[in-house]
Structures are given as structure tokens and as C-alpha cells.
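Here's a friendly tour of a two-chain model. Keep the picture open while you read, and find each part as it comes up.

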Amino acid sequence: MSHTTIPTIETQRLVLRGPQPEDYPNFKATFASYRSRFMGGPLNPYEAWMLYAAEIGHWDIRGFGMWMIHDKDSDDTYGMAGGWQPAGWPEREIAWIIWPDKAGKGYALEATHAVRAHYYANGWDGAVSYLDPMNLDSIRLAERLGATKDKTAQTIDGSDAVYRHPSPDALDGTQLAHGIEMEIGHYADPMFKPKGWALD
Amino acid sequence: MTVTFSAPELETERLILRAPDLSDFDAFAAFYASPRASFVGGPLSRELSWRSLALEAGHWVLRGFGRWTVIEKETKATVGIVGLWHPEGFPENELGWDLFDGATGKGYATEAGRAARDYAYGTLGWTTLTSLIAVGNDGSRRVAERLGASYDRDFTHERFGDMQVWRHPGPEACG
């Protein structure tokens with residue numbers, strides 16, 4: 001064990017910090033809910049606490065992990081996003097979860113775009129997301145992030161689909177990167193009132 | 001933001017107790033895959049064992065205490081995981097011990113458990129301490145008896161089922 005520094009990441013509307021003990025209740029509520037069905041849930045309180053401790057310990061063991069997503073102004077938490085690679089994960093994953101009542105505001109897009117940029121700036125040359133084929137919200141988010149389904153990549157256990165994120169070069173000043181930033185900008189714009197169903 | 005993952009190192013006659021780290025993973029996964037883990041939520045896949053190792057580290061951050069990896073001084077082998085434990089859903093602070101295959105029968109759980117208990121009473125200033133023993137886990141019950149603990153009450157855990165709470169002697173009796 002060591003002194004692990006978890007960097008803080010700021011975006012237009014969000015600040016991402018390491019998970020803290022006081023952030024646990026919202027995590028627990030989400031993992032007790034049907035929202036967590038594609039992430040091993042719903043969990044009972046014991047299992048949720050153990051998973052939260054594992055989220056924190058992941059930073060110690062791997063040197064990277066999941067951040068807690070906060071509102072920059074109110075400090076409210078909206079979910080988590082970051083890197084994830086427990087044993088059995090063939091590659092490093094970009095992962096996310098948004099609390100059920102915070103969906104539809106583009107927070108997952110804004111946070112995952114930022115954590116991916118952070119890891120790309122710190123040596124990662126790519127990443128994947130392992131998604132349940134029925135998790136349409138997350139598949140849609142992966143596609144909005146420019147990820148595409150990689151049918152040849154090794155899966156975790158055969159029941160998940162691998163979405164491969166664009167490389168650092170493909171996000172460096174490209175039309176794809178501008179498109180993602182434009183979408184985030186729309187969500188951040190108080191005049192932007194999207195119609196249709198909620199997207200993370 | 002700096003998150004400190006730190007656990008003090010403890011030393012006994014035959015053992016070193018240190019913070020869990022990735023070098024423990026193979027021994028950890030082997031234990032959790034074995035029938036010996038049936039009383040502590042196992043057997044687990046390698047992936048779930050990895051999460052278990054990660055949560056050992058996270059427990060120190062969330063609670064300020066946790067469990068140590070137990071190293072046999074003579075061989076440098078990882079022989080178990082022992083320490084102070086209080087995940088959500090546990091009734092009180094617990095002293096727990098899991099010895100890995102091949103490390104039983106040497107009194108290591110008692111030796112490491114006593115060091116962890118001394119730390120709880122001496123350094124953390126705790127005034128009482130329990131151990132949760134699954135019904136039927138006779139090996140673990142005997143360790144509790146050797147540590148001077150006695151049966152306190154029954155407890156049903158939402159995951160592990162019927163358990164007994166054993167209470168350790170207090171700081172005065174152990175001092």
C-alpha cells in the first residue's frame with residue numbers, strides 16, 4: 001500500500017474526484033436499484049459496500065480507477081466514471097454509471113470524454129468498454145463517444161459486447177472530437193432543452 | 001487529491017502483518033477458490049477474488065482500519081489475512097482471520113489475531129471486539145476459544161446466513 005494520488009478532473013459542469021466515504025449513500029442507492037442490472041446488481045447493502053470498497057482499492061492496486069462525478073457548483077454526486085480492470089478483464093476499460101435520477105443531462109458523456117482524455121494524456125493508447133448487449137443506453141453512449149463494436153476482441157466471458165474507443169490520434173482535433181464537444185456544449189447550455197427520451 | 005492507502009506493519013514472533021497488495025493476489029485467489037472459503041462467501045472466481053483484494057485496500061480508506069496480509073517470516077510466504085473488519089451489515093467491529101491452505105495447525109490465526117486485537121485496543125482505543133463465526137466453522141470457533149473469546153449471541157447475516165457473535169475479553173483482561 002502506498003500514497004496514491006487521485007487527480008481531480010474539471011469539465012464544464014463537473015468536477016471528478018476520488019470516491020470518498022461520504023459519497024457512499026448515493027452509490028448504495030443506485031446499486032440497490034434496477035439501474036444497476038447491467039453491472040452485477042441489484043446488490044444487497046453488504047455487497048454494495050464491498051463493491052464500493054473495491055472501487056477505492058482498485059486505485060491502490062492498479063494505479064487508476066473510477067472517479068466520483070460531482071456537480072461543480074453544488075457538489076452533488078451524479079455517478080462514477082473512470083478506468084476499470086479487475087482480474088479477468090482482457091483490456092483496460094472506460095466505465096461509467098449515472099444515478100438513475102440524474103440521467104438525461106449528458107453527465108456521463110461529459111465525464112467519460114474527460115476521463116478518456118486524461119488517460120490518453122497519461123500513456124493509454126486505447127481503451128474498450130465491455131457492455132451488456134441489452135444495455136442500450138450505454139451502447140448509445142459508447143457510440144456517441146466514437147466507440148465502435150469490435151467483434152474480434154476478446155470478451156470478459158462471452159456474454160458482453162466489446163466497444164473499442166477511438167485512438168488518441170482519432171480524437172486529436174478531429175471532426176469526431178469536435179462533435180463530442182459540441183454535444184457536451186449543448187447539454188451545458190441552459191437554453192438547450194432536448195426533446196425525446198433521456199440520454200446519459 | 002491524495003488518498004492514503006496505508007496500514008501499519010505489525011510483527012509477532014513468527015509473522016509479519018502488512019498491508020495487502022497485488023503480490024498477494026495468487027495466494028488470495030487460490031484461497032477463495034478453495035473449499036476453505038466456503039464460510040467466508042466463497043468459492044469465488046478469480047475476478048471476484050480480485051475485487052475482494054481491492055476491497056481489502058478500500059476498507060482501510062473507508063473505515064481507517066482493515067485487515068493485514070500475514071507473512072510467515074521464515075518462508076516469506078503469504079499464509080492468510082487477519083485483522084479488523086466492519087463492512088456494512090456487520091453488527092459490530094470484528095476481528096477476523098482467514099488462513100490459506102497449508103498454513104493451519106500452527107497457531108498462526110491465534111498469533112496474528114492477538115496482534116491485531118492488541119492494535120485495536122492499544123492503538124485504536126477500542127473497548128470491545130467481536131468475531132463472527134459461521135455455524136459449523138469449528139476451526140474458526142477453536143481460534144476464538146484460544147483467544148479467550150466466548151459465545152455472545154446469534155446473528156443472521158444477509159449473505160452468510162446463521163452466524164454466532166463471539167466476544168473477546170476487553171482491553172484490561174488482554175493488557
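## A helix to start with

Let's begin with helix 3 of chain B, residues 108–122. Its 15 residues reach 21 Å from first C-alpha to last, close to the 21 Å expected at 1.5 Å a residue (the expected span is 1.5 Å times one less than the number of residues). Helices here are DSSP runs of H or I with at least four residues, strands are runs of E with at least two, and both are numbered from the N terminus.

Several residues of helix 3 of chain B are buried, including Tyr108(B), Ala112(B), Ala116(B) and Tyr119(B). Buried means 20 or more other C-beta atoms within 10 Å of the residue's own, exposed means 12 or fewer, and partly exposed is in between, with C-beta atoms placed from the backbone.

## How to read the model

This is a predicted model, where local features need pLDDT of at least 70, side-chain atom pairs count only at pLDDT 80 or more, and totals for chains, interfaces and linings use all residues. Residues are numbered from 1 along each chain as its sequence is written, while chains are lettered from A and ligands numbered from 1 in the order in which they are written.

## Where the chains meet

In all, 29 residues of chain B are in contact with 28 residues of chain A (contact means C-beta atoms, placed from the backbone, within 7 Å). Which element of chain B gives the most to its side? That's helix 2, with 14 residues.

Helix 2 of chain A packs against helix 2 of chain B at about 95°, with the axes 6 Å apart. Axes are lines fitted to C-alpha atoms, for helices over the stretch in contact, and angles run from 0 to 180 degrees between N-to-C directions. So the two helices are roughly perpendicular, a label for angles of 65 to 115 degrees. Among the residues making this contact are Ala53(A), His58(A), Leu55(B) and His59(B).

## The nonpolar core

A nonpolar core is a set of buried Ala, Val, Leu, Ile, Met, Phe, Trp, Tyr and Cys residues joined through C-beta atoms within 7 Å. The largest one has 62 residues, and Val70(B) is one of those that touch the most other members. Helix 2 of chain A supplies the largest share of this core, ten residues.

Leaving out residues up to four places away in sequence, Val70(B) touches Leu15(B), Val82(B) and Ala112(B), among others.

Notes
Contact = placed C-beta atoms within 7 Å. Parallel < 35°, antiparallel > 145°, perpendicular 65-115°, else oblique.
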